[in-house]
Amino acid sequence: MKPLFHPSLVNEPFGDPGVYVDCLFEKRAVLFDLGDIRALSPRKILRLTDVFVSHTHMDHFMGFDWLLRLRLGRDLKMRLFGPPGFLGQVEHRLAAYTWNLVENYDTDFSLEVIEVNPSGEMRRASFHCKQAFRRGNESTVMSRDGVLLDEESFLVRSVSLDHKIPCLAFALEEKEHINVWKNRLDEMGLPTGPWLQDLKRAVRAGQPDNSSIRAWWREGTATRERFMPLGELREQVLKVVRGQKIAYVTDVVYHEDNARRIETLAKNADVLFIETPFLEQDAQRAASRYHLTARQAGTLARRAGVKSVVPFHFSPRYDDGGEQLRHEMTQAFSATGE
Ligand SMILES: [Zn+2]
Ligand SMILES: [Zn+2]
């Protein structure tokens, strides 16, 4: 089974933080954090539909201009999620440029910006290129269980963490994978086709077992069809598998409240990307900057029961290529007991 998500760090671990996730089969990608993104090809940047910004310290947000520069003049929409104060900050970034000719553009690039507050309140506004990126269409909604985005095949959840300011951590969760047993279909005399998508959709939506599913296919110029109960098809031809989960945690101080939130967010993730800026011997420095140590990062990963960990956001004070940071994190991750 091919995985849906292909995540990778935007830069090497000493560079600006960020994770690019290509969503196979979906012709789209999402990005966690928007620091220096020039290492991403324009083609990759144009695939982005959603960008999630943990907080607006410069190393997490300076790529906004480059993103905008590449997307301008294209008829594309993009969503941008960020922490408290984000709407005003995006508005100010846009206001730093002159937009007197944009009403003549053929295209209308637009940004939908969503500010996520610790209470779960999400304030939205849109900024259209043709309207010189003036703020409009404002509304407020509440997120349910921290869900920021709920798509057909995946969702993105966030928690608000303490970095002396609210900082968002994110989890990208694929919904259940539904595989089809082709040989069983053959045995039942049912060809594959678009109707299988309808079947999967019905299963995902939790429709009752007695709902009728229309299997249809073409034979020459004729269309054949058969109606069958959803429950029977699920039993006979489908295999439901848990989806992939990717978590992204950065710029956060170690204390119990943060630790619990991270543990819940990243629970059983396939991969956790977690900041690993300092060694435990520099724990004082880490705490005063509201960052983690490598040992703390590894401990959090172990508590969350994740399958694998990718450390990043290394401090430039360590000149051994990050070997000690990696080693300390891995030791804590694989240690037994608390
Ligand atoms: Zn940072
Ligand atoms: Zn920061």
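Predicted model: local features only at pLDDT ≥ 70, side-chain atom pairs only at ≥ 80, totals over all residues.
Local features require pLDDT of at least 70 and side-chain atom pairs count only at pLDDT 80 or more, while totals for chains, interfaces and linings use all residues. Residues are numbered from 1 along each chain as its sequence is written, chains are lettered from A and ligands numbered from 1 in the order in which they are written, and side-chain values use heavy atoms, with hydrogens and water left out.

The zinc ion (ligand 1) is coordinated at 2.2 to 2.4 Å by Asp59 (OD), His60 (NE2), Asp251 (OD) and His313 (NE2). Donors are N, O and S atoms within 2.8 Å of the metal (3.2 Å for Na, K and Ca); water is not among the atoms, so sites may look incomplete. The four donor atoms subtend angles of 85 to 160° at the zinc ion (ligand 1), which makes the arrangement irregular. Four donors count as tetrahedral if all angles lie between 85 and 135 degrees; four count as square planar and six as octahedral if opposite donors are over 155 degrees apart and all others between 65 and 115; anything else is irregular. Along the chain, the donors of the zinc ion (ligand 1) follow the spacing D-H-x190-D-x61-H. Helices (H or I, at least four residues) and strands (E, at least two) are DSSP runs, numbered from the N terminus. His60 counts as buried because its relative accessibility is 0%, and Asp251 counts as buried at 2%. Buried means under 20% relative accessible area, exposed over 50%, and partly exposed in between (1.4 Å probe, protein chains only).

Asp251 coordinates both zinc ions, which are 3.7 Å apart. His163 lies in the loop between β10 and β11 and Asp251 in the loop between β16 and α8, so the pair ties together parts that are 88 residues apart in sequence. His163 and Asp251 are both buried.

Strand β10 (residues 154-162) is mostly covered, with seven of its nine residues buried. Strand β9 (residues 147-150) pairs with β10 in the antiparallel sense over three bridges, and Val147 stands opposite Arg157 in β10. Two strands pair if DSSP finds at least two bridges between them. β9 and β10 form a hairpin with three residues between them. β10 also runs antiparallel to strand β11 (residues 166-174), to which nine bridges join it; Val156 has Leu172 in β11 as its bridge partner. The hairpin of β10 and β11 has three residues between the strands, and Lys164 there takes a positive phi near 70°.

The largest pocket is lined by 16 residues, of which Phe25, His177, Ile178, Lys200 and Arg204 lie nearest its centre. β12 (177-180) and α6 (195-204) are the elements that give two or more residues to this lining, and α6 gives the most, with four residues.

Conventions
1 Å grid on protein atoms, 1.4 Å probe; cavity = no way out; pocket = protein on both sides within 12 Å on 5 of 7 lines; lining within 4 Å.
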